[in-house]
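Hello,

Here is the structure I said I would pass on.

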Amino acid sequence: MFFDVLLIGIMVGAIYTLVTIGYSMVYSILKLMNFAHGDVYIFGTFICYTLLEKYQLNPVLAILVSAVLGGILASFVEIVAYRRLRAGQHRMISMITALGAAYVIQNSNELKWGNQVMAFPSILSAKTFQVFGLTIPMTQIIILAIAVGLIILFTLFLKYHPYGKAILCVSEDIPTASLMGIPINKTITMVYFIGGMLGVAGGILYSTSYNAVSLAMGFRGTIIAFTAAVIGGIGSLGGALVGGMLLGICENFIGVYVSSSYRDPITFLLLIVILLVKPTGIMGAAEQTKV
Amino acid sequence: MLTINSLESGYGKIKALFGIDLEIKQGEIVALIGANGAGKTTFLKTVSGLIQATGGTMSFEGQSLNRLAPEKIVNLGISHVPEGRMVFTQRTVETNLQIGAFGRKDKKAIRQDMEKYYEMFPILAERRNQKAGTLSGGEQQMLAIARGLMKRPKLLFLDEPSMGLSPVLVSQIFKTIRELNKTGLSILLVEQNVKKALKITQRAYVIELGRIVHQGNSCDLLDSEQIRKSYLGEV
């Protein structure tokens with residue numbers, strides 16, 4: 001029992017990490033709370049649902065198409081609602097346009113797909129296998145593998161690809177990065193695109209493991225990403241991983257051993273306690289301000 | 001090579017430059033000197049595109065720089081080593097150099113350039129895998145210059161390279177600057193260390209409150225009584 005809960009917790013944690021990465025990267029570059037993040041990922045998940053249910057598309061293809069569409073929507077939101085406000089405007093302004101973008105996408109999603117919980121097709125093998133007398137469901141292992149694989153891929157991209165390094169430099173210092181010849185607008189759009197894609201991947205994995213997709217999961221996604229990013233230390237990849245994992249594992253243990261109705265209150269109590277003890281988050285360093 | 005005519009710019013409604021004329025010819029090393037707040041850094045930032053010009057014209061090798069984004073200007077061949085070094089402190093020395101070569105496709109030549117600057121600044125080679133934030137001020141300045149050179153610029157802007165460095169290091173940096181100029185690189189040096197700047201440059205401009213108030217050969221300015229009084233603290 002304990003092991004089952006832990007395994008599901010780790011799987012959910014890996015999914016949360018995927019959803020958190022895009023949110024956290026955007027924050028680290030622009031110090032902007034991207035309220036539209038969760039609504040973008042649920043849009044991609046709905047697209048995947050339609051492709052699978054209505055058009056019986058091959059699952060791999062369906063996931064790819066919806067991740068790319070999610071990425072495009074995320075970059076579109078950046079170009080339309082945030083870009084013009086980047087230079088010289090108070091951060092509060094772009095936070096409001098972010099909120100506006102979130103509502104526009106959310107309501108469009110609702111018009112198309114409604115606000116009911118729908119059954120998301122299970123696209124993975126339902127087989128189980130035995131290790132040391134424990135029954136392990138194949139689905140969770142595959143989901144975990146995909147999520148971890150994507151996280152590793154993104155880490156390698158940041159570390160070794162010229163544009164990955166460019167993203168890190170832009171998040172450290174935009175003017176100096178532009179003096180290096182890094183195209184700032186293009187780089188930021190790319191961050192939104194990748195963040196949207198990873199978010200959609202997370203959304204699909206989540207929906208297929210719980211066999212459900214609903215409008216409300218979008219808003220919850222934004223909250224999860226925000227919380228995981230802040231607990232872990234906002235702006236860093238390691239922080240997203242630690243925050244996402246902690247949130248996923250805690251949630252599952254509380255849900256099983258206490259009660260699922262206490263899941264959110266206790267989880268968010270944890271957020272408050274962690275931040276009171278370490279305001280920069282678990283992996284976060286104090287932000288350096290220029291004097 | 002670089003021709004600036006009646007350049008005006010500033011920050012929002014506050015004007016900082018009131019019609020600057022300046023020229024740099026191929027292979028020259030030119031100083032721009034002046035007190036704190038005179039507009040030296042604003043001038044460099046305007047030419048490299050970080051601040052939008054509000055009037056006047058700027059051209060580099062016949063190409064207009066007005067309204068170009070910084071990343072376009074650096075690709076034309078003007079590298080700007082900013083005031084305060086501004087290395088990427090969270091990245092390694094090596095990554096800082098690689099980022100300096102952003103957009104270049106000749107991987108082999110990039111590697112060779114990197115080795116060249118490791119040879120020029122051996123301390124950087126020693127620390128190539130350290131985060132740039134762990135370097136001393138002088139080491140960061142060397143890194144910032146090497147990073148600026150990784151783009152293979154035709155013209156190099158140096159904004160106060162001697163700031164906050166010990167006298168020994170200052171001499172070393174100035175020696176490096178002169179050697180770089182001897183390889184054919186054109187340089188615009190912004191300095192508060194007026195004496196040293198005039199000694200290694202051919203020509204100089206003196207800026208005061210956003211206007212050029214003197215210009216001429218550096219050695220003549222060094223002998224000028226007025227310059228000695230205002231900038232060298234001599235009576």
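How many helices and how many strands make up the secondary structure of chain B? There are 10 helices and 10 strands. Keep in mind that this is a predicted model.

Overall size comes next. A compact globule of 235 residues would have a radius of gyration near 18 Å, and chain B, at 17 Å, agrees with that. Of those 235 residues, 52% count as buried. If you take the contacts in chain B between residues at least 6 apart in sequence, 67% of them join residues at least 24 apart.

Now the sheet. Strands of a sheet pair through backbone hydrogen bonds, in either a parallel or an antiparallel way. In chain B, six strands form an open sheet with mixed pairing, in the order 6-7-8-3-9-10. Its edges are strand 6 (78–81) and strand 10 (211–217) of chain B, each of which pairs on one side only. From one strand to the next, the twist averages 15°. Strand 6 and strand 7 of chain B run parallel and are joined over four bridges. To find this pairing on screen, look for S79(B), whose bridge partner in strand 7 is L156(B).

Helix 7 of chain B packs on this sheet, where it touches strand 3, strand 7 and strand 8, and its direction makes about 155° with that of strand 8. The helix covers residues 167–182, which is 16 residues. From first C-alpha to last it reaches 23 Å, close to the 22 Å expected at 1.5 Å a residue.

Which residues of helix 7 of chain B are buried? They are V170(B), I173(B), F174(B), T176(B), I177(B), L180(B) and N181(B). Viewed down the helix axis, these buried residues fall within an arc of 155°, so they line one face of helix 7. The spacing is worth a thought: an α-helix has 3.6 residues a turn, so residues three or four places apart point the same way. On the other side of helix 7, V168(B) and K182(B) are exposed.

The buried residues of helix 7 also have helices as packing partners, namely helix 4 (107–120), helix 6 (137–149) and helix 8 (194–200) of chain B. Just after helix 7, G184(B) takes a positive phi of about 105°.

Regards

Methods: Residues are numbered from 1 along each chain as its sequence is written. Chains are lettered from A and ligands numbered from 1 in the order in which they are written. This is a predicted model: local features need pLDDT of at least 70, side-chain atom pairs count only at pLDDT 80 or more; totals for chains, interfaces and linings use all residues. Side-chain values use heavy atoms; hydrogens and water are left out. Helices (H or I, at least four residues) and strands (E, at least two) are DSSP runs, numbered from the N terminus. The expected span of a helix is 1.5 Å times one less than its number of residues. Buried means under 20% relative accessible area, exposed over 50%, partly exposed in between (1.4 Å probe, protein chains only). The arc is that of the directions from the helix axis to the C-beta atoms. Contact means heavy atoms within 4.5 Å. Two strands pair if DSSP finds at least two bridges between them. Axes are lines fitted to C-alpha atoms, for helices over the stretch in contact, and angles run from 0 to 180 degrees between N-to-C directions. The radius of gyration is taken over C-alpha atoms; the globule rule is 2.2 Å times the number of residues to the power 0.38.
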